[in-house]
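Welcome! Take a moment to look over the sequence and the 3D picture below, and then let us walk through them together.

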Amino acid sequence: MSSTDSTIASALVRQGILPCSPISPMVGITTEALEIYRVAHLRCPHLSIQAFVKTICDLHGVDFHRHLSRQFSISFDLYLEIRRSTDAMVMESLGQDLTFTMLYAMDGNDSLKRVLRRSLADKDDTLGASSEVPTGQSLTSDRYLSRNFVDTFTRDLVCTSSDKDRPVDDLCEGHWENMDTARMKKAWGIYDETGIFVAVCRHGFCLLIADMVQSGELAKYPLAVVAKLLDVFGGNLGGGYDIGCHFKTTLNNSTLGPLACSLNHTCLVGAFHGHAHRCLCQLVSLTTYIKGLGIEDLETCERTFSKSNSLASSLRYASVFHRQQAIDSYFEHNDNFEVYANLSNFLYSNYRQALDILANGNVVLPKLMQDIGPDEEMLQMEYWQRLVNLNVNALALQVATALCQTPSHHDTVSYDTQTRNTCKAESARRHALEDYDKNMRLVHALECKLEIVTRWVTEDAEWQRAGRLVVNQKYQRALDHLEGLIVARYKLRKHIAKALQTRLVAIRSALSTYNAVASVMSPPHKTLKWEEVVDYAFLADFDLLRDTHTDISQSLWSSPAARSAMDLHFKMCRAREEISRLNIEVCRLVTYIRDEDNYLRLSEEQLKNTNPGLTHQISIVRNIRGRFNSHHLKRLQDISQLSGFSGTLAPGVSTRTSLGESAKDLEEEEEDDEIAEEASRRLQDVLFITEDLSWLELSDHGDLE
């Protein structure tokens with residue numbers, strides 16, 4: 001023992017052994033074994049402590065006992081706490097705190113649930129009281145929101161749900177709701193934490209995590225996330241959420257509403273989930289139509305959950321502390337070794353995708369614009385229908401005129417009765433004449449638009465062709481109506497036993513209308529039986545009936561060519577915005593690589609005499625962040641060689657000069673213009689000659705030695 005060691009435990013730690021007990025330890029685990037398990041578990045979350053300890057026992061040729069797993073778990077918790085404390089000391093000495101305007105996505109995931117241990121109940125259908133023993137362990141993390149902080153927004157749920165005077169700006173009001181069935185409530189009784197609610201930036205870095213406790217995806221979780229993000233990152237944040245339209249109303253009516261409005265926070269809907277929203281909601285919240293978003297889809301959470309779900313099996317029966325510890329460690333490792341490693345790949349892929357959209361759009365969009373013109377077919381269909389109406393009006397006018405001119409031969413009818421009959425006949429004739437004149441004016445207007453010289457008659461080929469189109473239009477509308485009723489039936493699945501009976505009459509009526517129209521089609525279309533309609537399980541089954549589908553809307557903008565042109569136009573707008581954003585992010589990454597490496601090296605130089613241990617930890621941080629720099633530089637060079645690249649690889653000058661935000665605060669004086677230009681030229685030279693990346697890796701290893 002050293003003279004500075006006051007206990008046996010501290011002496012063991014100095015030798016690289018973490019004891020399983022702070023007082024009179026009998027068993028210790030080496031830091032090498034703990035580090036091997038930490039890295040292996042982060043790469044393969046299915047690897048449990050018990051499996052790892054059994055492996056160690058097999059290698060050493062000893063029997064496995066359950067208490068060995070418990071002892072290893074205690075030492076592993078101590079090891080992770082030491083790592084967190086060391087990281088906090090490093091960040092404090094570096095003074096780093098990232099603050100920037102950004103796009104982020106947030107969503108809940110119910111895969112990482114944890115079973116709540118309960119005592120046996122007297123009855124089989126009831127849940128017993130919790131049998132978990134409280135521990136004094138608590139996770140210290142800058143990304144994990146505490147339960148108490150999240151629960152402070154519970155009162156906002158009551159206010160927003162009881163506010164009857166809220167503005168009608170929720171275009172999907174009543175369209176979205178959390179599952180609240182008895183089965184889900186019973187499941188919440190089985191689990192304590194029913195999942196996690198996370199926020200990630202558009203590049204994939206995890207920003208915040210909150211536990212969903214015995215509930216579904218309540219509004220208090222996104223409210224807590226937004227509150228923390230506004231406090232840390234400030235204004236001009238854009239947050240994507242699958243029910244962002246509904247959450248916007250909740251946020252505006254909560255206590256955070258004035259702050260979010262003053263900081264210009266924007267609620268958005270992801271590109272994937274947004275297509276399930278109503279049309280007006282998509283125009284307001286969907287990423288495709290929001291200026292300034294670029295090609296970002298705000299669906300980063302779905303990709304994040306696809307990887308984090310592998311933690312589920314190992315967390316189901318963990319304690320509260322160990323569950324949070326595993327989740328926090330996973331996301332920290334994922335940020336450092338997965339997301340940051342692929343950062344330049346993300347920039348390259350998005351840049352190339354944006355350029356491809358613009359290149360394709362410049363060729364295709366002019367052709368689509370040429371295809372968009374007056375829909376003459378729709379005008380011909382309307383002209384045919386007006387001619388039919390005109391013939392009907394002409395016949396009705398003849399009948400009404402004949403009735404007026406025919407004298408009454410009923411001598412027994414009184415004079416008053418004859419007067420009333422004459423007035424009725426005159427009114428009917430006048431109404432028929434007005435209808436005839438109205439339709440005649442419409443026919444004249446359509447003939448002018450279609451440049452028709454001779455009015456169509458039933459024997460003309462144009463008349464017959466337009467008549468077939470009108471019949472097909474009625475067929476499509478009847479099919480749409482029948483499909484809508486069937487879909488409405490499935491939407492009522494929670495009340496199927498009661499509500500289906502009220503829909504049967506409407507469905508049978510729509511089915512009769514469809515069959516009547518389908519039978520007069522040329523050629524006749526397939527008719528449906530009641531048993532077939534009931535068995536239709538997918539909307540695609542109705543699409544199979546659209547043998548000769550044509551556009552049946554009355555608006556020019558809804559034609560396929562116009563819709564394709566509009567979609568392509570907005571994609572091109574977003575692609576130009578994406579290129580502008582990527583030009584900034586590319587410059588930021590180049591600047592970050594230069595400044596971060598310089599800053600960490602200068603920090604090591606400054607602390608090596610006063611605190612060698614902290615200097616070593618800073619060198620570890622520099623190695624973690626710098627191991628991917630050679631790859632990033634090569635990928636940035638690839639971006640600069642893309643046809644259409646409009647940015648620059650010259651590093652910028654940091655606008656933030658306080659401690660931890662720029663390397664310049666450790667220098668004795670600012671660099672002049674010549675030194676800045678020389679540094680830029682040197683970095684450009686490195687970028688252009690970095691074909692052999694092994695040189696950079698050897699340099700990094702040499703610096704560490």
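Arg303 counts as partly exposed because its relative accessibility is 43%, where partly exposed is the range between buried (under 20% relative accessible area) and exposed (over 50%), found with a 1.4 Å probe and protein chains only. Arg303 and Asp297 form a salt bridge, and their closest N and O atoms are 3.3 Å apart. The term salt bridge stands for a side-chain nitrogen of Lys or Arg within 4 Å of a carboxyl oxygen of Asp or Glu.

Another salt bridge joins the side chains of Asp597 and Arg601, at 2.9 Å from N to O. Both residues lie in helix 23 (residues 560-607), four residues apart, which is about one turn of the helix. Asp597 is partly exposed at a relative accessible area of 24%, and Arg601 is partly exposed at 29%.

## Where the model comes from

This is a predicted model, in which local features need pLDDT of at least 70 and side-chain atom pairs count only at pLDDT 80 or more, while totals for chains, interfaces and linings use all residues. Residues are numbered from 1 along each chain as its sequence is written, and side-chain values use heavy atoms, with hydrogens and water left out.

## The whole chain

The protein chain has 27 helices and seven strands. These are DSSP runs numbered from the N terminus: helices are H or I with at least four residues, and strands are E with at least two. Of the 705 residues in the chain, 40% are buried. The chain exposes about 40000 Å², and carbon and sulfur atoms supply 56% of that area, which comes from the Shrake-Rupley method with a 1.4 Å probe; for residues, only the protein chains shown count as cover.

How much of the contact total comes from residues 24 or more positions apart? Among contacts with a separation of 6 or more, such residues account for 74%. Here, contact means heavy atoms within 4.5 Å.

## More salt bridges

A search of the whole structure finds 24 salt bridges. One of them brings together the side chains of Asp211 and Arg323, at 2.7 Å from N to O. This pair links distant parts of the chain: Asp211 is in strand 5 (residues 206-213) and Arg323 is in helix 15 (residues 320-339), 112 residues apart. Are these two residues buried or exposed? Both Asp211 and Arg323 are buried.

Elsewhere, salt bridges link Arg114, Arg147, Asp192 and Glu193 in a network.

## Nonpolar cores

A nonpolar core is a set of buried Ala, Val, Leu, Ile, Met, Phe, Trp, Tyr and Cys residues joined through side-chain atoms within 4.5 Å. The largest one has 32 residues, and the members that touch the most others are Leu347, Tyr351, Leu636 and Ile639. Helix 16 (343-371), helix 23 and helix 25 (629-640) are the elements that give two or more residues to this core. Helix 16 gives the most, with eleven residues. Apart from this core lies another, of 30 residues, including Val226, Tyr241, Phe247 and Leu251.

Beyond its neighbours within four places in sequence, Ile639 is in contact with Ser344, Leu347, Tyr348, Tyr351, Val586 and Phe645. Ile579 lies in helix 23 and is buried, with a relative accessible area of 9%. Ile579 and Gly294 are 285 residues apart in sequence, yet 7.7 Å apart in space from C-alpha to C-alpha.

## Loops to look at

Most residues other than glycine have a negative phi. Asn264 has a positive phi of about 60° although it is not a glycine. Asn264 sits in the loop between helix 10 (257-262) and strand 7 (266-268), and counts as partly exposed at 43% relative accessibility. Glu451 also has a positive phi, near 55°. Glu451 is in the loop between helix 18 (415-450) and helix 19 (461-491), and is exposed, with a relative accessible area of 70%.

His265 lies in the loop between helix 10 and strand 7. His265 counts as buried because its relative accessibility is 12%. Its side chain makes a polar contact with the side chain of Tyr104 at 2.7 Å. A polar contact is a pair of N or O atoms within 3.5 Å; within protein, one must be able to donate a hydrogen and the other to accept it, and residues adjacent in sequence count only if both atoms are side-chain atoms.
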